[in-house]
Amino acid sequence: MNGRMIAAEVLKLVRRRGQMIWAVILTVVAVVVAYGIAWGYHLSNAGKYGPAGGSHSLEGSLWIITTIGGVAAVLIGTTAGIGDQSAGVFRELVVTGRSRIALFAARIPGALIVLLPMVLLAFAVAVVCTFALAGDLRTPSASLIAKDAVWLIAVMTAQLLLALGFSAVVGSRATAVGVLLGWQLALSPLLLSIDQLGPVRQLVPRAAALRLEPFSNEPLGFAMTAGAAVAVLTVWTVVMLAVAARRTLRLEA
Amino acid sequence: MDATRTSHTPAGPVIRTSGLTKKFGDRIAVNAATLEVPRGCAFGFLGPNGAGKTTLIRTLLGLTPASAGAMELLGLPVPERRAEALARVGAIVEEPSFHGHLTGRENLWIAAAVRDTAAVERIDASLGRMGLLDRADDRVATYSMGMRQRLGIARCLLADPELLILDEPTNGLDPGGILEFRGFVRDLVGEGRTVFLSSHLLDEVEKICDAAAIVDGGRVLMQGTISEIAADGNLVVDLECGDREAAKRVLVASPAIATVARTDEGLRLTIARDDREAIPGVTRTLVHAGIDIYRISPARRTLEERFLELTTTRGAVA
């Protein structure tokens, strides 16, 4: 793998104009809209609706970026994971003699380079709005903002890489997008809400993400150490990428 | 692009397979194929649809693993030294594929990015050589089939290849494009490159190639120069004579003749047991039967006739 291969992956993704527009909408624009609505309510009835900014709003923004922006991560991750195969170009790259593992590995930094700037921009917008629209509300400390940024990058990276790996494993972008969105938006919250599952719920990546979230205001309903949460996210991501790499290695190109 | 080039790989055949076999479950797609492609020529890989041509190419290029046998590309054993060998090979398998949302130039850049730095520097030259510079910055989704084929060949040229492997390269080309393609292949051969061209179009192979192999049912049935292949087989002569029906009756009764067929100009005879010495006897028999003989000559057979003789799926051949 070299820098040009990573740049090539970036090029393939950013030239999909429609997808890029949607990714920006699902990350940056979603945060702007959320603050805009909250600010509008505040302006219309300050007695009933508090200021749009403040620490609590930042927590809400993180939820928006990881949940709605998570859809962008799925779109970008699946395109990076299966785009070459879908277009039939993977075969053309394999016949150059370059190793399949290198071809697969280049997708990872390529996809991250495309997604993370959007995520960080959305987070920056959220931080600015948190302070600018705080009014008399408490604002987050610099260390909390830094922790939030690290957490956000980690969670979005995990979501992206899971999508990238999963799409390469199933070999179909449409199937991968459907399954991942179903898992992310419906099945994961459902599993976490079933008390009878007890500590087994620690295995759900969403539980790990919630456990590590710096605000930690959302109760999980079961005990989970930070170490376990890091391990769950890491194992899911590494195992998915390993399975995807193995599949890429054995694929009939 | 090097116009006069020196080989970077060991001398000898550019492709060599020995007992190469590829199975899909119980089905044998390539059956103990033994093939040797000499360096510096246009080599036709000829066979009906489903003969195993593409599977053999895919196996050679590492797109699918071989079930048994040995193979070499540019004198290097594959898959052991596959990366080294393929660095000097340009290939199109089936039809060339591209990212339709990217321009022609961007698609070549993506292919060059996985090769060495020199490949990036060859992008403009490759586009220019294939006459695509003026459309290089248009999205490939807007390209015609012929333009995609040319872009596929331009992508092959990024490697400055010693060997080009082209699978059915004239598919989708109009007559003008096919004519242009023939000239292009000859130019490449003139530069010292080898072009391995898989096709089911006999006429194309006969016009473009110096040598060929005929494959059917996954087996390489025959290989050699085009004239060697066309000439090989049973001894066949063309006979121009007076009373054709009388001549045919006499010849059918002769044990020296295996088959007799009418042609536009007379009769075509297949001599039994390829016995050249039987020809004077046949001539005497005809003369004794009172038949005038104007001409008797070895039949000039075409690659197509030889191909049809060797392969089993005559009806499928275009």
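**View 1. The contact between chain A and chain B in the predicted model.** In this predicted model, the contact draws 23 residues from chain A and 25 residues from chain B. On the side of chain A that touches chain B, helix H1 (3-14) and helix H4 (89-94) of chain A each supply at least two residues, and H1(A) gives the most, with 6 residues. By residue class, the side of chain A that touches chain B divides into 11 nonpolar, 4 polar and 8 charged residues.

**View 2. The largest nonpolar core and the surroundings of A:Ala111.** The largest nonpolar core has 144 residues, and those with the most contacts inside it come from both chains, namely A:Ile76, A:Ala111, A:Leu115, A:Leu160, B:Phe196 and B:Leu197. Helix H5 (residues 100-132) of chain A provides the largest share of this core, 15 residues. When neighbours within four places in sequence are left aside, A:Ala111 is in contact with A:Glu9, A:Leu13, A:Ile76, A:Gly77, A:Ala80, A:Leu160 and A:Leu164. Another core, of 10 residues, lies apart from the largest one and includes B:Leu239, B:Ala247, B:Val250 and B:Ile291.

**View 3. A:Ala226 in helix H9 of chain A.** A:Ala226 belongs to helix H9 (residues 226-250) of chain A, and it is exposed because 11 other C-beta atoms lie within 10 Å, where 12 or fewer is the criterion for an exposed residue. Not counting residues up to four places away in sequence, A:Ala226 touches A:Arg211 and A:Leu212. From A:Val95, A:Ala226 is 131 residues apart in sequence and 45 Å apart in space, taken C-alpha to C-alpha.

**View 4. The domains of chain B.** Chain B is divided into domain 1 (15-231) and domain 2 (236-301), whose C-alpha centres lie 44 Å apart. The C-alpha trace of chain B spans about 75 × 45 × 35 Å along its principal axes, and the chain contains 12 helices and 14 strands. Of the 318 residues in chain B, 42% are buried, and among contacts in this chain between residues at least 6 apart in sequence, 70% join residues at least 24 apart.

**View 5. A hairpin and a helix of chain B.** Strand E12 (residues 257-262) and strand E13 (residues 267-271) of chain B run antiparallel and are joined by 5 bridges, forming a hairpin with 4 residues between the two strands. Within this pairing, B:Ile257 stands opposite B:Ile271 in E13(B). In helix H12 (residues 303-310) of chain B, the residues B:Leu303, B:Arg306 and B:Phe307 are buried. These three residues lie on the same side of H12(B), because they cover an arc of only 100° around the axis.

View 6. B:Asp160 counts as buried because it has 22 C-beta neighbours inside 10 Å.

Terms used. Residues numbered from 1 in each chain as written. Chains lettered and ligands numbered in written order. Predicted model: local features only at pLDDT ≥ 70, side-chain atom pairs only at ≥ 80, totals over all residues. Contact = placed C-beta atoms within 7 Å. Nonpolar A, V, L, I, M, F, W, Y, C, P; charged D, E, K, R; others polar. Domains from an automatic or database assignment. Buried ≥ 20, exposed ≤ 12 C-beta atoms within 10 Å, placed from the backbone. Arc of directions from axis to C-beta. Core = buried A, V, L, I, M, F, W, Y, C linked by C-beta atoms within 7 Å. Pairing = 2+ DSSP bridges.
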